[in-house]
Amino acid sequence: MPTWSQAIAKPAEEFPLKPLSILSGEIPDGLRGSLYRNGPARLERGGQKVGHWFDGDGAILAIHLSEEGATATYRYVQTEGYQKEAEANRYLYPNYGMTVPGLFWKTWGKEVKNVANTSVLALPEKLLALWEGGNPYGLDLYNLETKELDNLVNLKENEPFSAHPKIDPKTGNIYNFGMSIGAKVTLNLYKSDPTGKVIQKSDYSLEGVPLIHDFTLAGPYIIFFVPPVRLKLLPTALGFSSFSDAMEWKPELGTDILIFDRNSLSFITKGKADPWFQWHYSNGYVNEQGNIIVEIVRYPDFSTNQNLKEVPTGNIKTPAKGTLWEIEIDPKTAKMIRQEQLLDRGSDFPIVPTHQTGENWRYTYLSVHRENADLSKEILGVIARYDRQLNKLTVADMEENLYASEPIFVPNTPNSARGWVLTVVYDGNEHRSELRIYDSEGLDNRPICRLGLPNVIPMGFHGTWKAG
Ligand SMILES: [Fe+2]
């Protein structure tokens, strides 16, 4: 079995707030605040494995860096489903990659469990654990105690709040979306004030049920690329097939480009492009010619879903390679004018400095495969910075058997392009986890600081930084 599989072989163990020991270096003086990361931490219950990596119950890691040093805590999100299943010691709910175990007529129509495992949003008064199929869970920012399912004042129960909100760097307003599946399939758009309260909504009807995971802001526009994946409704409605297994790759449909107005959240226009699949966008902006530029990690098809389905087994059989692409769009027609692969290295989890959201930027930070990694066995192992100006990739090449999570960029001073890059690393040689802090200008140098974590933190999905 590959080394990374040891990190997820057993359900992760929580720990209460504890001081962290410094393994090497020093915590930089200007780095004060909290790092939060979310991810599936429990991939089996009562001897049964989840059906897909996305089904694992979410646990959140908080690392607080203050004048007194570093402390951390790691806690499962106490969702209603998690508590009920813990009590029963078996899975009770269907999920993205799971049907309900047990007798069909007893379990038909059961609600999917909110696993709260995908990302986090740090608001002034609370932390939100995000999942794309439902409302977020609110948690205490310091000790991660779960408070309640949070509707951000104005969300209805059937209005999910997806896991990739974007914060307007000028106003602090938060943009997000959620897909509702009912008699109609609706793409709901939301704008929240900086406290998280939803203050504006719009909705747009979709044809069929596509998989939409993320979006981007680009100047005055909101952009969605709707990939040609559609859910077969009947087998899922009857409970014969999980959502994941009923997702059909239909390249003949192509990718739909949807453009909305950022101010009014209203639909502007729709265009078509080649078929591709993406989970994540780095960013977008409007260039000097008035065209929309969007950077994404693009896969040639939907085999990435099968690849991620295989992760909980520890034994990947299906390779999937996403690479960084730039797409240029005419905002009047939503027509794709140009598409260009920027890098050949397999990658995902692209992020940009948050103060450049929706605007032109220079550096994209992302997770990449090690050079010559066997993609039919390996998961993303290291982090890197892509310099869009010089077309140059700088890789933080870690020791063998180390696995870095998504990079998080923290500017040295507000709006600075230079800063620190934080990543939680699983060290498969020692079977333990640590936080690494790199200088953004020296990713290929040794980390500035390494902090040891009390327990293994399994590889997860997304995180955020809240300045202290
Ligand atoms: Fe994501």
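**Note on the pockets and cavities of a predicted model**

1. Strand E13 (174-181) contributes three residues to the lining of the second largest cavity, the most of any element. Strands here are DSSP runs of at least two residues, and helices (H or I) of at least four, numbered from the N terminus. The model is predicted, so local features need pLDDT of at least 70 and side-chain atom pairs count only at pLDDT 80 or more, while totals for chains, interfaces and linings use all residues. Residues are numbered from 1 along each chain as its sequence is written, and side-chain values use heavy atoms, with hydrogens and water left out.

2. On a 1 Å grid over the protein atoms alone, a cavity is a set of points where a 1.4 Å probe fits but cannot get out; a pocket is an open set with protein on both sides within 12 Å along at least five of seven lines; lining residues have an atom within 4 Å of a point. Points are joined across faces, edges and corners, and a volume is the space filled by probe spheres set on them.

3. The second largest cavity holds about 30 Å³. Its lining consists of Tyr175, Asn176, Phe177, Leu189, Tyr190, Phe215, Ile222, Phe224 and Leu265. Eight are nonpolar, one is polar and none is charged (Ala, Val, Leu, Ile, Met, Phe, Trp, Tyr, Cys and Pro count as nonpolar, Asp, Glu, Lys and Arg as charged, the others, Gly among them, as polar).

4. There are two cavities of 30 Å³ or more.

5. E35 gives the most to the lining, five residues. By class, the lining has 27 nonpolar, 18 polar and five charged residues.

6. His164 sits in the loop between strand E11 (146-149) and E12. His164 counts as buried because its relative accessible area is 9% (buried is under 20%, exposed over 50%, partly exposed in between, with a 1.4 Å probe and protein chains only). Leaving out residues up to four places away in sequence, His164 touches Asn176, His213, Asp214, Phe215, His280 and His462 (contact is heavy atoms within 4.5 Å).
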